[in-house]
Amino acid sequence: MLEILSPCLVVTDKHFFENSRDVEKLPNSKRKRLSPEKLSPTRPVPSHIPRPPYITSKTPPGIASGLEVHDEKGIECMRNSGRLAAQVLEYAGTLVKPGIKTDEIDEAIHQMIIDNGAYPSPLGYGGFPKSVCTSVNECICHGIPDSRLLEDGDIINIDVTVYLNVEEVGYHGDTSATFFCGDVDDEARKLVEMPII
């Protein structure tokens, strides 16, 4: 079961520590620590949109034990779901600005996904209550959109996954990117632009 108020892992100056939320500010920063804000109700998905198997079975999918070989039609379906995920992520990036709630980003992305006949994959996966992951500042991944307003200088990773079902076979398209919100300091820029080795 998902614990909504679970702490995030914090990374600062080559040190890793658990955010126990008992210290108001981050070390060497003017910024306050993140704290959970209010969650809006789970958004509905129209009944005509096919669901991933884990939604109806309530059982998370297992890990594939071997290679899956897809035919041309399957490969085209994967391309379509990946293309939709990329388009949704691009749109999500245009929403990032000081004063918007991460929940408003979730709402807009949710609507775009269902308008395209797809299911927002995170919604209901292992109890996740939203359609996208929004990880702000020190929250490394799988942040839950809530009533927190983005502030000038924040960085936000948006993780979009869509489930597009064609003729009883569904494919997930998954992508994410980190965006700058307003005027971001040099330290945050370096973190986001650092090459992955």
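**A loop and its surroundings**

His 142 lies in the loop that runs between strand 4 and strand 5. The model is a predicted one. The phi angle of His 142 is positive, about 60°, although this residue is not a glycine. Asn 137 is found in the loop between strand 4 (133-136) and strand 5 (155-166) as well. Its phi is also positive, near 50°, and Asn 137 is likewise a residue other than glycine. Asn 137 counts as buried because its relative accessibility is 18%, and the cut-off for buried is under 20%.

Next come the cysteines. A disulfide is a covalent bond between the sulfur atoms of two cysteines. How many disulfides does the structure hold? The number is zero. Cys 133 is in no disulfide, and the nearest cysteine sulfur, in Cys 141, is 7.9 Å away. For Cys 141, the closest cysteine sulfur belongs to Cys 139 at 6.9 Å, which is too far for a bond, because a disulfide needs the two sulfur atoms within 2.5 Å. Is Cys 133 buried or exposed? Cys 133 is buried, with a relative accessible area of 6%, whereas Cys 141 counts as partly exposed at 46%.

Leu 95 is ten residues from Ile 105 in sequence, and their C-alpha atoms are 6.6 Å apart. Ile 105 has 0% relative accessibility, so it counts as buried.

A search of the whole structure finds one aromatic pair. Tyr 54 and Tyr 125 form this pair, edge-to-face, with 4.9 Å between the centres and 90° between the planes. The pair links distant parts of the chain: Tyr 54 belongs to helix 1 (residues 53-57), while Tyr 125 is in the loop between strand 3 (119-120) and strand 4, 71 residues apart. Tyr 54 is buried, at 9% relative accessible area, and Tyr 125 is partly exposed, at 40%. The other arrangement involves a charge: the charged end of Arg 189 sits over the ring of Phe 180, 4.4 Å from the ring's centre.

Conventions:
Residues numbered from 1 in each chain as written. Predicted model: local features only at pLDDT ≥ 70, side-chain atom pairs only at ≥ 80, totals over all residues. Heavy atoms only, no water. Helix = DSSP H or I, 4+ residues; strand = E, 2+ residues; numbered from the N terminus. Buried < 20%, exposed > 50% of the residue type's maximum accessible area, 1.4 Å probe, protein only. Phe/Tyr/Trp six-rings, centres within 6.5 Å; stacked < 30°, edge-to-face > 60°. Lys NZ or Arg CZ within 6 Å of the ring centre and 35° of its normal.
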